[in-house]
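Q: Could you walk me through this model, starting with a residue on the outside?

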Amino acid sequence: MNDEDGDEDVIVEEETVETAETQECMSLADVSKEKDGEEPADASQKSSEEFTDAKHESLFSLETNFLEEDSGGSSSSQRTSQDPFQQHVNKELKEKEVQAATSSPPTTQQLKWPVLGQLVFSSKFQKMETFKPPKDVDMKSLHLQKPLESTWKKTNSQFLSGPQQSNSPFTPLQKELFLIMNSYRDLFYPERTALKNGEEVRHVYCLHAINHVLKANAQVLANNSRRRSQKLGVGEDDDFRDQGLTRPKVLIVVPFREAALRVVQLFISLLEGDSKKKVIVSNKKRFQGEYGSNPEERPPNLKRPEDYEAVFVGNIDDHFRIGVAILQRSIRLYAPFYSSDILIASPLGLRTIIGGEGEKKRDFDFLSSIELLIIDQADIYLMQNWEHVLHLVNHMNLLPLESHGVDFSRVRMWSLNNWSRYYRQTLLFGALQDAQINSVFNKHCVNAQGQVAVRNVPMTGSISHVLVQLPHVFQRMEAQDVTSVIDARFCLSIGMPSCPTRSSMSPPTLTLCVSEITSRRKS
């Protein structure tokens, strides 16, 4: 994306089409102006353009395109019986299973893996099934969609420099992470750090996201070809249920624009690879200008710790959102939300769209059919505004308020039954174990395939690394029950092994005890 050649911005059809697309995409800027108090001339019309694609729907529409012969993604010819994607989306839940899952506690089992360490497998829907990573991974067994099987090793080559990893397309960490992702279980990995393994994790979840989108779109395009080649009879519509209520399938939540830039760069690299055919990317120049950074803007003598430089690198604007549409070997940036396959946004960028109760201009229907939710660098959101993350997950996979032109004969039954939350895979990455992050994973991740959480106990404490050493004195106190703990602690603080309770003390005695505590602290 840093090439400065003449075809930075690829024209999809004609120059007039590109101009119209750019005008449509400017609705994002208009929405941001509204929040600053600047009301556009036609606010209602321009704000709706962010979610609709009425003019040039046919360019990246799934309904009007068909599968190319050399794309290698036919749903009838591929190994659907062993493909984890097909097994996941074709799994049919029963009403009794859903009711039992809402009331029964999950079954858990612990397992230790070589690299990830202590894992906790849990599930509410099925009998607990655990697995261990194999020593060698065959790329064909992963069921990667073309061209990912050939482009992944080049894209991931910067992490494969070691002699032990030369024959494997994954690092040991990536291999174990991708095996869990590819099984469509929810994953919580709290050891993702910007200095150590942040880019490794980003590469592997981008591979999983693009693989999911390519498979889902290939299934739709293949069914389009089948519907065109044969006349449907009565009762055959169920064979073509391959979509959700809205088109967006993947939501990637990242804290800064620099992270969104790297994600899009990985998508382009994974689709292009060594192929002579370049990926058609629309609006690339605009994207690079808005999400890139100028090194000259950084103060020359600014010195920060290494972890600070790794986290706050590039464009650190935290208010953004962008839709990405992928159709075979073409990528459309700034695609309207309801014509996008992947949404990349910050919590603040989504919060301004979702809105709150009582607001007139709000929309969250585009979150109704999200099948893959990726929350990266969750620890940074604790330093921003965690309420935005909670507001987001509370609006995930709700029934849409409008139809948005969906063909209900193509919608999967579990989506019509409002069971999309049980088919959504959530990948949660952070740098620490935190109670608020754990709460989101335990409460809002209800995938029918189960959950996997990395629960490594820290073996070395950080208190020994304190620069100014402080003495720590631990005292044991005896108490008859929980209610008497407060009184026992009070007596211990004034140096009395046993004393009457504060409730039974007279005011002068209580005042004397308090003054004794004050004098002891001063001395």
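A: Valine 468 counts as exposed because its relative accessibility is 60%, where exposed means over 50% relative accessible area, buried under 20% and partly exposed in between (1.4 Å probe, protein chains only). This is a predicted model, in which local features need pLDDT of at least 70 and side-chain atom pairs count only at pLDDT 80 or more, while totals for chains, interfaces and linings use all residues. Residues are numbered from 1 along each chain as its sequence is written, and side-chain values use heavy atoms, with hydrogens and water left out.

Q: Where does valine 468 lie?
A: Valine 468 lies in the loop between strand S11 (451–454) and helix H18 (485–493); helices (H or I, at least four residues) and strands (E, at least two) are DSSP runs, numbered from the N terminus.

Q: Switching topic, which way do the residues of strand S8 point?
A: In strand S8 (residues 342–345), Ile342 and Ile344 point one way and Leu343 and Ala345 the other way, and all are buried. In a regular strand the side chains alternate between the two faces of the sheet.

Q: And which way does S4 run with S8, parallel or antiparallel?
A: Strand S4 (residues 250–253) and S8 run parallel, joined by four bridges, and two strands pair if DSSP finds at least two bridges between them. Leucine 251 has leucine 343 in S8 as its bridge partner.

Q: What about S6 and S8?
A: Strand S6 (residues 321–327) and S8 run antiparallel, also with four bridges, and arginine 321 has alanine 345 in S8 as its bridge partner.
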